[in-house]
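This briefing is meant to be read beside the sequence and the model. Please have both open.

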There are 2 protein chains.
Amino acid sequence: MADYRSPSTGQMVRAVLFDTFGTVVDWRTGISSAVRAFADSHALTLDPGEFADAWRSRYQPSMEGVRSGRRPYVSLDTLHRENLDAVLRLLGIDPGAFAPGELESLAKAWHFLPPWPDSVEGIREIKRDFIVGPLSNGNTALLVDMAKAAGLGWDLVLGSDISRAYKPSPEAYRKPAAILGLDPGQVMLVAAHDNDLEAARGAGLATAFVARPEEHGPAQRADVTAAGDWDLAATSITGLAGQLRDHSHGSVGEGSHPPSVRDGSVFSFRTDGGG
Amino acid sequence: MADYRSPSTGQMVRAVLFDTFGTVVDWRTGISSAVRAFADSHALTLDPGEFADAWRSRYQPSMEGVRSGRRPYVSLDTLHRENLDAVLRLLGIDPGAFAPGELESLAKAWHFLPPWPDSVEGIREIKRDFIVGPLSNGNTALLVDMAKAAGLGWDLVLGSDISRAYKPSPEAYRKPAAILGLDPGQVMLVAAHDNDLEAARGAGLATAFVARPEEHGPAQRADVTAAGDWDLAATSITGLAGQLRDHSHGSVGEGSHPPSVRDGSVFSFRTDGGG
């Protein structure tokens, strides 16, 4: 059992929750590939990587309407679909030229993004000692599809449709902690983006940076290394798993360590990853 | 890939959700054992099995206040804790005689109930082809603790604190389907209790009965076999997994079957259980 206390919150971490797009999955490769297949089948001439970047660039602005209260909560599925129309129009392509089901299907590529090579194993390792789940702007149905396709063994999936808040709104970080019956300081956010971690820290969470220097392709400049003073910083989720063990009080060897006392109940998580 | 169509709803089932107390876990054995340890440590004379039955007998009436709207939603953790006080008083034991943390800890035994012998493997098998999760009156934190302790490999955990409704209210069945982006008829409830299945069917869900003839101990009379005409009826969750495969269109052999088309995306769940 790892027994990790966050230096910044002063509390024992019980749940490790992950930003997903960019941190756990490689959205640019997945979306480029879906866009390439779509373009080929419709004889469209476009650059799939640039299309993916343009689609993603509308992600933050499109959530701003919900964050600011100008618009009631709509799911990321809806925003992805709207943003797809906008990008097509930008390229002079009429969205009305396709059967609606085809654009729905292309927008659903955001449900089926490939994990980074270390994600599945890293999450499995962290799951032995902590509750693991996404803390993403994705809606629950999207995140469940993603997890099953990629083999991400989350303990639970609470999408932004549960908190009805988009990061970096404080409620987006605090609501999952409350649902788990935990203080914000007992929850760690793992993300490849300093601004996400900054907001999480502001909401009272523990923080860990994982570098994804190729999230935005070979020319990436931002978020290549951690800019902030986060609790932990690693170059992979498996590396983070090792750091959580190394910085734990109870890391003297699994077999010899007594079960941890959790809220009064003697309780040790299974070490096989729990199926 | 299993491709199971519910005879009662006429739809392909995408998610198989489980009642937990009694259906997936053996609450009477778990609670009796926690009560026995508590009684021993406080030199109390009581019958642990009868205490467990008395505690559980207050479960349905205590939720009725929330269902009827007389009381705002409170979690099952709160109700379990209140009901514990009531049972102690019934036995002439003053709850005030214990440190509050001790009764909190005893009430938390509902988080750590042992699974029936077939539950972990049965859920793992069904997870290969369907989204799996609890559909329980338990709150999310309780259900996550239960899953990690028992090794239940749910894809997601949506407790009654998410739907803010207790079964058999229709909303308790419909809300998880809506969060998954599914019609009620694409979701199957698995339960050992005919009244739960009746309410699920009324809310539009597919239904499967799993017999748990010793849930209430050796003297059980009700729910020993299925009383209703449910889509499926089995004597174990592994048995149910087999029936779901046997009654599927695509059960001609895993390797030779093409991936299923799900809402327009070609998509096949991993067959290793997804971690």
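This is a predicted model: local features need pLDDT of at least 70, side-chain atom pairs count only at pLDDT 80 or more; totals for chains, interfaces and linings use all residues.

Residues are numbered from 1 along each chain as its sequence is written, chains are lettered from A and ligands numbered from 1 in the order in which they are written, and side-chain values use heavy atoms, with hydrogens and water left out.

**Sheet of chain A**

- Chain A has an open sheet of five strands in the order β2-β1-β3-β4-β5, with parallel pairing; helices (H or I, at least four residues) and strands (E, at least two) are DSSP runs numbered from the N terminus, and two strands pair if DSSP finds at least two bridges between them.
- Its edge strands are β2 (131-134) and β5 (232-234) of chain A, each of which pairs on one side only.
- Neighbouring strands of this sheet are turned by 20° against each other on average, direction ignored.
- Four bridges link strand β1 (residues 15-18) of chain A to β2(A) in the parallel sense, and A:F18 has A:P134 in β2(A) as its bridge partner.
- Helix α11 (residues 237-246) of chain A packs on the sheet and touches β1, β3 (187-191), β4 (206-210) and β5 of chain A, where contact means heavy atoms within 4.5 Å.
- The direction of helix α11 of chain A makes about 140° with that of β5(A); axes are lines fitted to C-alpha atoms, for helices over the stretch in contact, and angles run from 0 to 180 degrees between N-to-C directions.

**Sheet of chain B**

- Chain B has an open sheet of five strands with parallel pairing, ordered β2-β1-β3-β4-β5.
- β2 (131-134) and β5 (232-234) of chain B are the edge strands, each pairing on one side only.
- The twist from one strand to the next averages 20°.
- Strands β1 (residues 15-18) and β3 (residues 187-191) of chain B run parallel and are joined by four bridges; B:L17 is partnered by B:L189 in β3(B).

**Backbone exceptions**

- Most residues other than glycine have a negative phi, and most peptide bonds are trans.
- A cis peptide bond joins A:K167 and A:P168, with omega about 10°; A:P168 lies in the loop between α8 (160-163) and α9 (170-179) of chain A.
- The peptide bond from B:K167 to B:P168 is also cis, with omega near 5°.
- B:A43, in the loop between α1 (27-41) and α2 (48-57) of chain B, has a positive phi of about 50° although it is not a glycine.
- B:A43 counts as exposed because its relative accessibility is 70%; exposed means over 50% relative accessible area, buried under 20%, partly exposed in between (1.4 Å probe, protein chains only).
- B:D223, in the loop between β4 (206-210) and β5 of chain B, has a positive phi near 60° and is not a glycine.
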